[in-house]
Amino acid sequence: MKPEEHLQPRLSLRGIEKRYPGVRALAGVDLDVFPGQVHAVLGENGAGKTTLMHVVYGLVAPDEGSMTWEGEPLRLRSPREAIARGIGLVAQHFHLVERHTVAENLALGFPDAPFWRPTRSLLPRLRAAAERYGLALDPRAQVRDLSPGERQRVEIVKALMQGARLLVLDEPTSVLTPTEVDALFAVLRRFVAEGSSVVFVSHKLAEVEVLADAVTVLRRGAVVGRRSAADGLDRRDLARLMVGRDLAATVADRGRARAAAIAAGPVRLRLTDVRVDAPGRAQRPALHVASLEVRGGEIVGIAGVAGNGQSELVAVVAGLRAPSAGTVEVDGREPGSGRRRRGARNQVDAGVALVPEDRTKVGVVGDLSVARNLALRHAHRRPFARGMWIDWQAVARHSQSAVEAYDIATPSTGTPARLLSGGNVQKVILARELDRDPGVVVAVHPTYGLDVAATSQTHERLLAAAGRGAAVLLVSEDLDEVLSLSDRVAVLAGGRVVATMAAADADPEALGLAMAGVAA
Amino acid sequence: MDVDVLVVATVARALAFATPLLWAALGEVIAERSGVVNLGVEGMMALGAVTGFAVAFTTGDVWWGLAAAGLAGMAGSALHAFVAITLRADAYVSGLSLTMLGLGLSALIGRAWVGRPLPDPMRTVDVPWLRDLPLLGPMLFQGQYVLTYAALLAAVVAWALLFHTRGGLVLRSVGENPTAVDAAGLHVRPVRYAAVLIGGLLAGIGGGYLSLAYRPSWGEGMVNGLGWIALALAIFAMWHPLRVVLAGLLFGACFTLAFRLQTVFPPELLTMLPYAFTVLALVFTAWRRGRHAFGAPEALGRPYLRGER
Ligand SMILES: Nc1ncnc2c1ncn2[C@@H]1O[C@H](COP(=O)(O)OP(=O)(O)OP(=O)(O)O)[C@@H](O)[C@H]1O
Ligand SMILES: [Mg+2]
């Protein structure tokens with residue numbers, strides 16, 4: 001819907017400026033959000049989107065600029081003031097206490113919760129929210145047991161219960177399955193239909209096309225373009241605005257020639273009768289793979305709903321966890337067998353690379369510099385290691401070239417990795433893991449949080465790695481990604497491979513059924 | 001001696017011995033639940049003991065002494081809170097310094113009082129009604145100091161506050177994920193300050209028990225490592241107030257038994273016992289629970305700064 005000309009913006013920002021050492025994260029941003037409007041904010045990795053959202057929620061104080069809320073000046077010294085005005089945030093990295101229950105997390109954000117047994121009074125409200133927006137939640141579940149989609153629901157319900165009239169969502173769909181995305185959009189549409197407003201950050205232009213009423217595009221902290229749905233939104237146009245140039249067509253047609261090469265390639269990764277027991281439940285293992293082979297040059301997609309054995313599969317292949325039974329062979333032998341077992345190091349030496357699911361906890365050491373993170377995987381080898389000493393110059397040289405090759409936006413290679421934006425952390429991991437032609441690549445959601453340019457670049461890099469003879473295991477919930485990159489798709493359900501098919505003749509519907517555990 | 005008499009006597013002695021541990025460990029549980037580790041327990045207890053004794057000696061009233069003991073512990077913890085929360089310095093270093101400071105300062109303050117007995121120390125009392133319970137009565141509710149009964153009550157109160165009130169929820173959340181608390185529009189620092197100060201208060205009371213009731217006097221070695229044991233108890237109890245009571249009793253019982261068996265037990269081994277037991281307890285906890293379920297507050301020892309990634 002197009003905002004009427006006379007309508008007052010609910011929130012407007014003027015000249016918002018935020019500088020960090022070495023970067024200008026926001027360089028004079030203007031933004032108007034109207035009632036009843038979904039406003040999308042787009043931009044490359046590191047463009048300043050998260051910073052802008054945090055400014056709106058009072059988590060980051062801008063260095064300059066002013067804000068108004070429904071015509072009145074707005075100065076936020078803390079999120080408390082934002083919440084009081086009716087601003088809610090669903091952050092890129094959720095603000096939830098993992099070891100507490102859903103009800104406890106909701107009570108935390110709920111100012112009127114009673115002193116004694118604060119979760120008690122929430123149940124009726126929770127039920128009301130569930131009915132009104134279709135957001136069902138089990139109040140007694142522990143947050144750490146929830147899927148990302150469910151955690152997001154907790155965040156949304158929390159904001160709604162606080163009486164939000166402006167909901168800010170930072171990359172809400174990156175962590176969701178396609179059905180969850182549809183459900184989220186339904187909630188957001190209902191929310192704006194009531195006259196509320198939504199600001200959301202996304203890298204997925206298709207979603208922006210269907211949901212947004214207005215679009216603001218950031219590049220290096222500055223607004224480089226605005227579009228409105230009334231004038232029509234075009235994916236290519238938005239992409240050009242974001243990266244400042246035309247993008248090459250996404251994932252090129254891979255051609256038939258490769259298929260022949262694959263058949264000829266040697267088996268580089270072989271799992272035989274691998275079992276990983278779930279704690280306390282030996283009869284129903286978390287993972288039980290009778291046989292899985294990936295040949296050199298082949299990309300095998302692992303499709304499946306999260307929690308069906310993917311993380312166990314990744315852990316055993318990457319050597320993070322020893323299987324309860326069975327063997328994992330790389331290039332015909334078990335890494336480290338016969339020698340002292342050294343866990344993941346054996347795998348590294350055997351040429352296994354891992355792009356992990358949890359990038360901030362497993363992917364990088366947040367307090368170490370970008371340069372050191374880039375050298376981490378091979379720190380025990382030349383040229384980084386010389387005997388027991390580290391050659392810091394080699395580390396520095398390598399990091400320079402990696403930052404350029406992967407277009408990592410960072411003030412310097414000495415910046416701690418935790419200060420980078422989400423997408424740039426992911427680029428650091430990719431640069432490290434795809435370096436030096438790994439023999440086996442295990443990639444979990446490799447393009448999670450990447451902008452369009454970086455996504456297609458990453459796809460090309462995975463294809464190139466396969467082209468150079470690597471066996472690639474691609475774990476993703478994004479079926480489009482799996483289907484467009486993989487040669488074969490294996491479906492995991494209940495810890496077992498329930499179906500394997502050539503990606504070329506995989507039918508998304510049949511895949512979906514197999515993922516849901518319905519026998520094909 | 002009858003077996004039940006032995007059991008009853010052992011538990012009663014264990015409780016008397018464990019009382020200062022309970023106070024201090026409860027305090028540490030509260031502080032650590034908010035994410036601030038305080039290794040200064042030993043120092044705060046010493047400060048509490050000496051201040052309590054001095055005030056009780058001067059005023060002639062143990063209750064004034066007790067109040068002073070609590071305040072002294074709190075003053076020590078305020079220093080720690082300022083350094084660890086406001087200045088965001090390393091909490092471990094700050095806590096260790098507090099221990100050294102507290103031990104040194106208490107020795108200095110206490111010079112004038114060394115070797116002088118408290119004329120009017122705290123007296124033992126029975127708990128009406130509960131004293132008549134079979135078995136439990138003589139074990140827990142007869143012939144102890146008020147502070148001992150109060151410690152049991154404090155554990156229950158701490159448990160109720162931590163797990164069943166809004167304030168407790170906020171406190172635990174601050175210790176798990178301060179960013180979430182900040183984003184919920186609540187303030188992190190005041191909560192941490194409050195928790196550390198309460199921790200100091202309880203440690204000071206624990207120290208006061210030593211110098212006003214258990215051994216009504218003052219001497220430099222009075223606390224003698226109890227503060228460290230209290231720290232270990234907080235971990236052993238997995239940061240749960242009710243389990244602190246069980247762990248404290250278990251600990252006290254071991255010590256009391258070994259004391260009774262002095263004839264067969266070399267005294268050197270006896271003095272080693274609390275520490276050996278502590279190490280064993282920690283190994284046991286770690287081994288039983290595995291790393292993930294260990295239960296330490298997620299943000300323990302990490303200072304919080306908004307906007308920091
Ligand atoms: N606390 C901080 N300290 C230092 N630099 C920071 C801090 N927060 C953000 N930055 C820098 O500001 C820039 C913008 O970061 P921001 O997280 O807003 O990007 P983004 O647009 O959300 O990117 P992404 O799509 O990758 O999430 C980045 O270069 C980042 O490194
Ligand atoms: Mg971001």
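What volume does the second largest cavity have? It has about 70 Å³.

## Basis

This is a predicted model: local features need pLDDT of at least 70, side-chain atom pairs count only at pLDDT 80 or more, and totals for chains, interfaces and linings use all residues. Residues are numbered from 1 along each chain as written, chains are lettered from A, and side-chain values use heavy atoms, without hydrogens or water.

## Cavities

A cavity is a set of points on a 1 Å grid over the protein atoms alone where a 1.4 Å probe fits but cannot get out; lining residues have an atom within 4 Å of a point. A volume is the space filled by probe spheres set on the points. The count is 4 cavities of 30 Å³ or more.

The largest cavity has a volume of about 110 Å³. Of its 15 lining residues, the closest to the centre are B:Ala84, B:Ile85, B:Arg192, B:Arg302 and B:Pro303. Helix 9 of chain B gives the largest share, 3 residues.

The lining of the second largest cavity includes A:Tyr57, A:Glu155, A:Lys158 and B:Ala180. Helix 5 of chain A gives the most, with 3 residues.

## Helix 4 of chain A

Helices are DSSP runs (H or I, at least four residues). Helix 4 of chain A covers residues 122-133. A:Leu122, A:Leu126, A:Ala129 and A:Tyr133 are buried there (under 20% relative accessible area, 1.4 Å probe, protein chains only). The face turned away from the buried side carries A:Arg127 and A:Glu131, both exposed (over 50%).

The buried residues pack against helix 3, helix 5 and helix 6 of chain A (contact: heavy atoms within 4.5 Å). Just after the helix, A:Gly134 takes a positive phi of about 70 degrees.

Key. Helix = DSSP H or I, 4+ residues; strand = E, 2+ residues; numbered from the N terminus. Expected span 1.5 Å × (residues − 1). 1 Å grid on protein atoms, 1.4 Å probe; cavity = no way out; pocket = protein on both sides within 12 Å on 5 of 7 lines; lining within 4 Å.
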